Amino acid sequence: MNKSGSKMELAPLQSLLDEGFWHKLTNLKLNSWGLDESAVPLTGFFAPCSHPQLSNHLTLLSESLPSESDEIPSSSSIHTNRNRCPVPGTLYNLNTMEGFNDLDEEKLLKEEAEKIWIDIHNGNIEKDCSRLLRFLLISFADLKKWEFYYRVAFPAIMLNPPATLVDLKPASQWLSLEEAKSLSIACNEWRNSTTTTGVPFFLVTIASNSNASLRPLNEWESCRQDNEKILFGFYDPCHSLKYPGWPLCNFLAFLYSRWNLETVHVFCYRESRGFADMKSSLVIEARISPQDWKDQNHVPQDIGWELYKRQKKTRSINLATSLDPTRLAESAADLNLKLMRWRALPSLNIDLLSETSCLLIGAGTLGCQVARTLMAWGVRKITLLDSGKVAISNPLRQSLYTLTDCGQDKATAAENSLRSIYPSVDAKGVVMSIPMPGHPVSSQEEKKIMDDCRQLQELVNSHDVIFLLTDTRESRWLPTLLCATANKITINAALGFESYLVMRHGTGPVSSSPEVTNELSSSLGNLSIGGKSGGQRLGCYFCNDVVAPVDSTANRTLDQQCTVTRPGVAPIAMYAPAEISGSNENLSADLPLGILPHQIRGSISQFSQMTLVGHASNSCTACSNIVVSEFQKNGMDFLMKAINHPTYLEDLTGLTELKNSANLFEPDWDYEDELDNDECAEI
């Protein structure tokens with residue numbers, strides 16, 4: 001307790017860090033700061049005490065931090081009001097817990113105290129008195145666990161010896177009734193003005209007629225010449241009637257060092273229900289006589305680390321339990337990608353990935369894993385198309401399904417599974433069959449088949465990247481044709497017993513058409529491993545075939561109808577489609593993710609993998625100019641011919657003529673060197 005004639009004791013200031021502050025810090029750490037540990041400017045907020053039993057804190061909100069594009073807290077986001085007086089601070093956010101623990105705290109505290117000392121002597125305090133309340137925050141953010149460790153300091157210049165308390169009374173007792181009433185009116189006007197409500201230190205002058213007024217610190221010279229009673233006022237966050245608050249420490253240092261005042265009367269301003277309260281406000285008479293302060297280059301000792309439970313210790317807050325699970329999943333989902341940008345891949349465009357829409361045709365073994373890998377790459381718009389149902393044998397190989405999904409449509413079950421993994425994913429399941437060449441339909445079925453064709457075309461046109469992940473060769477034909485026509489990025493994956501193929505299709509033959517608006521496709525479709533390959537288009541899945549796709553499941557045994565593969569083939573192959581897509585959308589001149597292959601062919605019998613380049617064929621049944629042009633010209637009529645007539649595509653592209661020419665070709669064998677029977681060696 002402060003007693004007359006004793007050294008003055010001050011109530012320490014406490015900090016209060018809002019959850020929004022930590023959320024903003026997390027975003028800045030991941031998206032802007034990365035590994036940077038340099039100082040970050042902060043803005044804290046405090047106000048005079050307004051409760052008889054509770055002191056006010058220095059509060060840090062989301063607005064306390066700079067925006068991602070600003071180096072300092074944006075003034076547009078900081079609105080000064082009577083309950084939020086802004087004060088400057090500094091943040092050091094460390095990358096590791098070891099770095100946090102090893103930080104030289106005393107050195108940092110001294111540096112901040114030096115800033116206050118310099119501001120006192122160069123006149124900056126008169127211009128911006130909030131600098132006397134400068135604070136320091138050091139932190140470490142464990143973003144995997146959503147746990148934050150921190151310490152706060154309020155640097156204070158020590159008075160040696162400490163200030164002596166001469167008198168301490170409530171303002172209502174120290175002032176006359178008229179003076180108290182006039183000062184209350186002046187304080188309310190000061191606090192209600194937008195230009196002064198955020199000014200925490202001020203001068204109080206009381207004229208001989210008891211009229212009181214509040215004036216800024218830079219009017220000290222004129223005030224002292226008026227021969228009026230002068231009090232040195234500040235916003236006191238402390239509620240106690242026995243102790244003034246922490247801001248008085250640096251204020252006394254300023255009054256002595258700047259104006260050479262040894263005996264001062266201080267007005268500790270407090271409020272009640274938003275109005276000046278002279279009963280809780282204090283008037284203190286103090287005597288200041290520090291030694292060795294004449295040398296401005298000599299910085300006095302400093303104190304100021306906040307005590308927690310009366311000890312200087314690290315404080316922590318864990319937000320994982322307080323967050324909504326969906327929101328927590330959203331915040332954590334892109335953690336790996338954002339960490340990539342810190343060091344390994346600074347050019348990674350996460351926004352482009354999240355806006356990319358992907359259509360997965362086939363929700364089986366390949367489709368399930370490709371969908372999950374795409375989400376890991378930050379893709380948030382995924383449509384899965386399949387006509388099958390989840391069989392009891394599927395969950396072992398198809399990672400989106402469990403036994404409880406058996407009997408459900410694969411597309412619907414896959415959509416629900418993606419949402420359970422990441423609730424904010426924009427997933428959609430489409431249950432439909434793909435019309436296929438070599439699978440003739442009756443006239444009664446033609447309308448439904450044409451509707452399916454139109455629906456598939458709409459889906460292709462409305463997505464950025466198309467993945468062909470079906471079981472049969474013929475089911476890939478129509479999507480390939482539609483992608484070539486619309487010039488879409490198309491990635492194809494197929495499995496054999498012990499081999500796999502992953503390839504990205506080249507641009508369509510009409511890629512230069514003004515109707516083509518897909519920026520990703522037009523800029524990336526022709527790229528091979530080393531760029532354009534002689535100006536030729538890259539081929540599609542069907543470009544190396546000399547026969548049109550036909551029904552591959554009719555008159556086949558069960559092992560021939562199913563995709564029978566060694567169990568390890570699918571997991572090995574599954575990485576490539578999504579990786580090629582990720583590379584496609586983050587392409588730059590130096591190919592930061594490595595090469596962008598046209599084809600990847602692998603075999604686990606030899607544990608080998610090759611990257612190949614294949615050019616588009618003029619006789620391709622899916623992407624050649626003649627096929628695409630015929631489809632654009634005749635639309636559904638062309639498709640129905642291709643579906644119902646097995647040889648139509650071969651006749652159209654010239655493959656029939658090619659095969660006939662091959663059959664008529666007679667090789668000219670040279671028999672002159674043929675050995676006689678008696679010249680043969682006997683083994």
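Hi everyone, let's start with a cysteine: Cys49 has 3% relative accessibility, so Cys49 counts as buried (buried means under 20% relative accessible area, with a 1.4 Å probe and protein chains only). Cys368, at 0%, is buried too.

A quick word on the source: this is a predicted model, where local features need pLDDT of at least 70 and side-chain atom pairs count only at pLDDT 80 or more, while totals for chains, interfaces and linings use all residues. Residues are numbered from 1 along each chain as its sequence is written, and side-chain values use heavy atoms, leaving out hydrogens and water.

Eight strands form an open sheet with mixed pairing, in the order S19-S18-S17-S20-S21-S22-S23-S24. Strands here are DSSP runs (E, at least two residues), numbered from the N terminus, and two of them pair if DSSP finds at least two bridges between them. S19 (426–431) and S24 (608–612) are at the edges with a single partner strand each, so one side of each has no neighbour in the sheet. S18 (residues 381–386) and S19 run parallel, joined by six bridges; among the residues involved, Thr383 has Lys428 in S19 as its bridge partner.

Finally, the largest nonpolar core: 88 residues, meaning buried Ala, Val, Leu, Ile, Met, Phe, Trp, Tyr and Cys joined through side-chain atoms within 4.5 Å. Phe232, Phe251, Leu252 and Phe267 touch the most other members.

How values were computed. Helix = DSSP H or I, 4+ residues; strand = E, 2+ residues; numbered from the N terminus. Buried < 20%, exposed > 50% of the residue type's maximum accessible area, 1.4 Å probe, protein only.
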